[in-house]
Amino acid sequence: MLNKGLRDEEKIRIDNVLKTLRTLIFVPYPLNNLQKTEIENQLKEFGLNIETLADYSNEDLITLLMRLHFDWEQLEQFADILIEFSKVESYIFTGKALAIYQYIQQESKVFSFGINTKIASLKNK
């Protein structure tokens with residue numbers, strides 16, 4: 001278990017990586033090679049790259065993210081990023097995003113209308 005100071009530093013580090021990923025992926029057109037390289041560099045902070053992300057099972061990905069001390073909000077942001085990445089690239093990460101949303105809903109012990117709406121939206125596609 002991380003002490004409070006280390007936990008706060010880890011939260012800030014994860015938040016910064018997610019923020020950078022969000023700005024790289026939320027573009028209305030396909031990514032160029034430089035943008036893909038920058039995404040790869042950010043994913044490395046989590047021990048991932050695009051290919052390993054595609055290869056991970058849903059359960060293994062969630063286990064990795066929990067081992068990296070993601071909180072519920074960070075998990076949701078990561079799932080949101082996966083959905084947006086699926087819109088601009090040929091990778092389909094919507095199943096992984098759905099599994100993360102379902103995990104949050106089940107394990108957080110708090111019902112979230114926002115998460116529930118995202119789950120319903122993905123199931124209806």
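**Close-up views of the core and its cavity**

A search of the whole structure, which is a predicted model, finds 1 cavity of 30 Å³ or more.

**View A. The largest cavity and its lining.** The volume of the largest cavity is about 60 Å³. Its lining is made up of L21, I25, I39, L43, L53, F78, I81, L82 and F85. By class, 9 residues of this lining are nonpolar, with no polar and no charged residues.

**View B. Helices around the largest cavity.** At least two lining residues are supplied by each of helix 1, helix 2 and helix 5. Helix 5 gives the largest share of the lining, 4 residues.

**View C. The largest nonpolar core.** This core has 37 residues. Within the core, I39, F46, F70, F78 and I100 have the most contacts. Two or more core residues come from each of these elements: helix 1 (4-25), helix 2 (33-44), helix 3 (50-55), helix 4 (58-67), helix 5 (72-88), helix 6 (94-107) and helix 7 (113-123). Helix 5 provides the largest share of the core, 8 residues.

**View D. Surroundings of I39.** I39 is among the core residues with the most contacts inside the core, and I39 also lines the largest cavity. With neighbours within four places in sequence left aside, I39 is in contact with L21, L24, I25, L31, I50 and F85. Among these partners, L21, I25 and F85 are also part of the cavity lining.

**View E. F78 in the core and at the cavity.** F78 is one of the residues with the most contacts inside the largest nonpolar core. F78 is also listed in the lining of the largest cavity.

Conventions: Residues numbered from 1 in each chain as written. Predicted model: local features only at pLDDT ≥ 70, side-chain atom pairs only at ≥ 80, totals over all residues. Heavy atoms only, no water. Core = buried A, V, L, I, M, F, W, Y, C linked by side-chain atoms within 4.5 Å. Buried < 20%, exposed > 50% of the residue type's maximum accessible area, 1.4 Å probe, protein only. Contact = heavy atoms within 4.5 Å. 1 Å grid on protein atoms, 1.4 Å probe; cavity = no way out; pocket = protein on both sides within 12 Å on 5 of 7 lines; lining within 4 Å. Points joined across faces, edges and corners; volume = space filled by probe spheres on them. Nonpolar A, V, L, I, M, F, W, Y, C, P; charged D, E, K, R; others polar.
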